[in-house]
Amino acid sequence: RARRARGLDAGGNPARAVSIFTGKVFALLVRAIRTGTLLAMAMDARGFAGGPRSHARLSVWRRRDTALIVGTLVLVGTAHTVSLAAGTWTPLTF
């Protein structure tokens, strides 16, 4: 009864149900257009307009990047080796 009093429920009236549905669809359409407009303006402000891209800082591969990758592989390999030696290794199953 509270939903009907606030106009959120049709109460079995098909004409009222269509009216409520139409109002919700219109509100959703308006919200989608507003969100799309904001997204388009934000993308335009950030340079997604199609011109050449600029970079604040260039990304350069360094020795410490290689060291991080190698260290990670060594750590994972060691963990697997210890797990296999202890007999507690179980493969992932999905």
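The model is a predicted one, so local features need pLDDT of at least 70 and side-chain atom pairs count only at pLDDT 80 or more, while totals for chains, interfaces and linings use all residues. Residues are numbered from 1 along each chain as its sequence is written, and side-chain values use heavy atoms, with hydrogens and water left out.

As for the fold, the chain has three helices and zero strands, which gives the pattern α-α-α along the sequence. Helices (H or I, at least four residues) and strands (E, at least two) are DSSP runs, numbered from the N terminus.

Helix 2 spans residues 14-45 and holds L29. L29 is partly exposed, because its relative accessible area is 49%. Together with F26 and I33, L29 makes up a nonpolar surface patch of about 330 Å² accessible area. Patches are built from residues with over 30% relative accessible area and no salt bridge, joining like charges within 9 Å and nonpolar side chains (Val, Leu, Ile, Met, Phe, Trp, Tyr) within 5 Å; a salt bridge is a side-chain nitrogen of Lys or Arg within 4 Å of a carboxyl oxygen of Asp or Glu.

Helix 3 takes in residues 63-86, 24 residues in total, and its first and last C-alpha atoms lie 34 Å apart, close to the 34 Å expected at 1.5 Å a residue (the expected span is 1.5 Å times one less than the number of residues). An unreviewed UniProt entry annotates residues 67-89 as "transmembrane region"; UniProt positions are in the numbering used here, feature names are shortened, and annotations may be inferred rather than shown by experiment. That stretch, residues 67-89, is 87% helix and 0% strand, with end C-alpha atoms 27 Å apart.

S83 sits in helix 3 and counts as buried because its relative accessibility is 16%. Neighbours within four places in sequence aside, S83 touches T88 and W89, contact being heavy atoms within 4.5 Å. Just after helix 3, G87 adopts a positive phi of about 80°. T90 belongs to the segment after helix 3 and is exposed, because its relative accessible area is 63%. From T90 to H80, 10 residues apart in sequence, the C-alpha to C-alpha distance is 9.9 Å.

Conventions. Accessible areas come from the Shrake-Rupley method with a 1.4 Å probe; for residues, only the protein chains shown count as cover. Buried means under 20% relative accessible area, exposed over 50%, partly exposed in between (1.4 Å probe, protein chains only).
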